Amino acid sequence: MNKLPLVLALSAAALCTFANAQSVQVYGKLYPYLEIETGSGPTAAGTSAATLAPNPTGLTGVPKVKGMSAGNSYIGFRGREDLGGGMRAVFQLEGVVLVDNGAQAGFFFNRNTFVGVDGGFGSVKLGTMDTVFKEYGDTLGILGISSGTPVSSSNILRKVSFGTSNAARFHERRANSVRYDSPEIGGGFQVAGQWATQENPTANLGPAKTLSLGVKYDKGPFYASLAWEKHDNFFGGSVNSPSAMRNNGVADNVTSKDTAVQAAFEWRFAKGHAVEFDVIKKEYKEGAVVNGRFQSYKNTAYLVGYDGRFDLWRVMAHYVKSEAGSCSRLNAVCATTGLEGTQLTAGLAYYLSRRTFIYGAYSQITNGKAARFAAADFGAPTPGEDVRHIMSGISHNF
């Protein structure tokens, strides 16, 4: 039996019961889309590849597929209670809704879900939340549908190209988080910090932990932010490298530290128009003790984006570029030739109302001969394979 209707009914009943005691809102966003996904041009077998990438096969990993997806369509409940003295209790429960096929067996609050307090001191929240790093960058997106879809800039901007594991990605929602957001300071400035542990200590490795910090300015036509994030013992370099180069086994007695720093700028230069520029530098370091194992990888990625509104029409586009970077292995050669990649994305929307629009989008990821940057809903690219998406759908907020 599909448990979603029952859970929603019980949740609605509970919200009505407490409506007199606190302010509660039901909200959400549904944006299913039809898509054509195509992979092409994989690097031929036998071609010399970057050290950290798998050997090219010449085979296509992303077959041409016509399908429907729902991205991160979601429903949520949020509310607050006045505690007096300028303080409030706040909460949010939010989960993905598979509106395309209804395949979920139950409903889980697997998106930003927390409880906390706020007041003149700012806010403190405990739960599962996007990191400060994720939230402070890439402010425009594509038509408000970019997260968790092929048009998201994070597919290149915030991860590595030689593997497909999200252990290396700086664009995550972290469980077991404690987050502080300051009040507005000095007419537009705000700072935030977040700490999370994954509660999985492993012999000789220790728990995986995340620390995310940021400062932003948001006032008038300008937005600017600087954010930093550190991952302890996520082994983002190892788990994306060939198995012979990995350090993340229990017996290896090795730790890892992955860090990233990001600067983002947005200029709202006319009513309904804005441009954005982001730059991110990422570094993955592991204390290898076996010759030939992964030691480090670092690279820089850039984004330029545009958002324009013309009456009932909206046009958005971004271009993302990731450099090949540099790497090292313990007492061994490490080459990064072919690990670069780019993404060009454009979207067009027509608004039927303030909350509803129909849209189309196009996205092209072009991989270097060793890169595997992926934005695929139905497959995983092989080294050098380019991925193209054509999408069309409807988006509704409530």
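What percentage of the 398 residues of the protein chain count as buried? The share is 49%, where buried means under 20% relative accessible area, exposed over 50% and partly exposed in between, with a 1.4 Å probe and protein chains only.

The model is predicted: local features need pLDDT of at least 70, side-chain atom pairs count only at pLDDT 80 or more, and totals for chains, interfaces and linings use all residues. Residues are numbered from 1 along each chain as its sequence is written, and side-chain values use heavy atoms, with hydrogens and water left out.

**Overall form**

The protein chain contains 3 helices and 19 strands; these are DSSP runs numbered from the N terminus, with helices being H or I of at least four residues and strands E of at least two. Its radius of gyration is 22 Å, close to the 21 Å of the globule rule for 398 residues, so the chain is as compact as a globular protein of that length. The radius is taken over C-alpha atoms, and the rule is 2.2 Å times the number of residues to the power 0.38. Along the principal axes, the C-alpha atoms fill a box of roughly 65 × 50 × 45 Å.

Of the contacts between residues at least 6 apart in sequence, 65% join residues at least 24 apart, a contact being heavy atoms within 4.5 Å. The accessible surface comes to about 17,500 Å², and 59% of it belongs to carbon and sulfur atoms; the areas come from the Shrake-Rupley method with a 1.4 Å probe. The chain carries 38 positive and 31 negative side chains, and the centres of the two sets lie 1 Å apart. Lys and Arg count as positive and Asp and Glu as negative, while His and the chain ends are not counted. Each charge is placed at NZ of Lys, CZ of Arg, CG of Asp or CD of Glu.

**Strand pairing**

Two strands pair if DSSP finds at least two bridges between them.

| Strands | Bridges | Facing residues |
|---|---|---|
| β1 (residues 23–30) and β4 (residues 74–84) | 7 bridges | valine 26 and phenylalanine 77 |
| β4 and β5 (residues 87–96) | 10 bridges | glycine 79 and phenylalanine 91 |
| β17 (residues 341–351) and β18 (residues 356–367) | 11 bridges | alanine 346 and tyrosine 362 |
| β18 and β19 (residues 386–397) | 10 bridges | threonine 356 and histidine 396 |

A hairpin of 4 residues joins β17 to β18.

**Single residues**

Methionine 129 sits in strand β7 (residues 122–130) and is buried, at 3% relative accessibility. Its C-alpha atom is 5.6 Å from that of arginine 174, 45 residues away along the chain. Beyond its neighbours within four places in sequence, methionine 129 has contacts that include Asn112, Phe114, Glu172, Arg174 and Gln194.

Two loop residues other than glycine have positive phi. Aspartate 311, with phi near 60°, lies between β14 (294–310) and β15 (313–322) and is exposed, with a relative accessible area of 77%. Asparagine 331, with phi near 55°, lies in the loop between β16 (326–329) and β17; at 66% relative accessibility, asparagine 331 counts as exposed.
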